[in-house]
Amino acid sequence: MPCKAGKISLDYPPFQFYHMSNTTAKPSPEIIVKRRVNINFDATPFDTWYPSRPMTEEFLNAISFFFPPGEAFFINSVKHYQHGITDPLLREQVQRFIYQEAMHTKEHSRCNHFLARTYPNGARIERICKRFLNLVKIFTPKIWQLAVTSAIEHFTAILADSLLRSQDYFISQAQPAFAQLWMWHAVEETEHKAVCFDVYQQVAGKGPIAYFNRALAMIVTTLIFTISVVIGMFFIKINRRRSSGKARLKDNVPRKNLKINQRSTLALLISLVPWRLYFDYFRPSFHPWDHNNSHLIDKWKQRFPEFGSP
């Protein structure tokens, strides 16, 4: 298989007080593994890599273009507080989180370079994401950026849960390189799903103001994430329609069969998100590992025990 810093800045909103909590991070049932990954996308005979689920393929292609700027934002949000973390367990988890996210950035950048042959609009998706995140960095305080990162990490964790629950089907139907990419990414999103949340709680505490901020961040993030995915899939669909439309129209397939249906995009999002897990985030006592799905990681490890070995 082809794979193989000083005191914390008090950059907080006015009239709100935060502290570094002495509470240790909740032990994770999974080790955050530093895998070294190099997936061979060039060996993929690309036309479509998940033909049995074209809408899901379009969704994953769209969010793949979001990942390089998004993961850089996640890393910077956590790294800002890294040297103020006193809990040795959480400090080690943060280092491993940063490693995993950096590796995701590398592999999704390579994947996106490959996808851009078919989806030139992907570069536009990435630019939109980068500009929006730059605005967030300019106009919001660091603690809010961390709350947004925690919210997005919860989103990616619950999407990873959905993907891992269908890993037998996904691996059997998807092109091998893309099956490797998305299964590995889902596993690592699950392994480190609590890191940003734990950092946020150690920085902001567990009081009502901290809870209000993380809940509000999730509401805002949900709105922005949904709009971004709809826009991203729109651009992906335009490219797919243009490339496949020429071939289909030669076979006299009516043009109306190629129209872009945004309602189907929203329906896909609704079906992919496990809403019980999503709304669980709004419990004041919530922790990501309240939902222990480590058995899904174990199932993947049994199938690919050597994947990403150092």
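The second largest cavity has a volume of about 40 Å³. A cavity is a set of points, on a 1 Å grid over the protein atoms alone, where a 1.4 Å probe fits but cannot get out. Points are joined across faces, edges and corners, and a volume is the space filled by probe spheres set on them. This is a predicted model: local features need pLDDT of at least 70, side-chain atom pairs count only at pLDDT 80 or more, and totals for chains, interfaces and linings use all residues. Residues are numbered from 1 along each chain as its sequence is written, and side-chain values use heavy atoms, with hydrogens and water left out.

Ten residues, each with an atom within 4 Å of a point, line this second cavity; Ser-28, Gln-93, Ala-194, Val-195 and Trp-289 lie nearest its centre. Its lining has 4 nonpolar, 3 polar and 3 charged residues. Nonpolar means Ala, Val, Leu, Ile, Met, Phe, Trp, Tyr, Cys and Pro; charged means Asp, Glu, Lys and Arg; the others, Gly among them, are polar.

The largest cavity has a volume of about 110 Å³. Its lining includes His-154, Asp-161, Lys-193 and Asp-280. α4 gives the most, 4 residues. Helices are DSSP runs (H or I, at least four residues), numbered from the N terminus.

Now the largest pocket, about 900 Å³ in volume. A pocket is an open set with protein on both sides within 12 Å along at least five of seven lines. Its lining counts 43 residues, with Ile-63, Phe-66, Leu-159, Phe-225 and Val-229 nearest the centre. α8 provides the largest share, 10 residues. By class, the pocket lining has 31 nonpolar, 10 polar and 2 charged residues.

Conventions
Helices (H or I, at least four residues) and strands (E, at least two) are DSSP runs, numbered from the N terminus.
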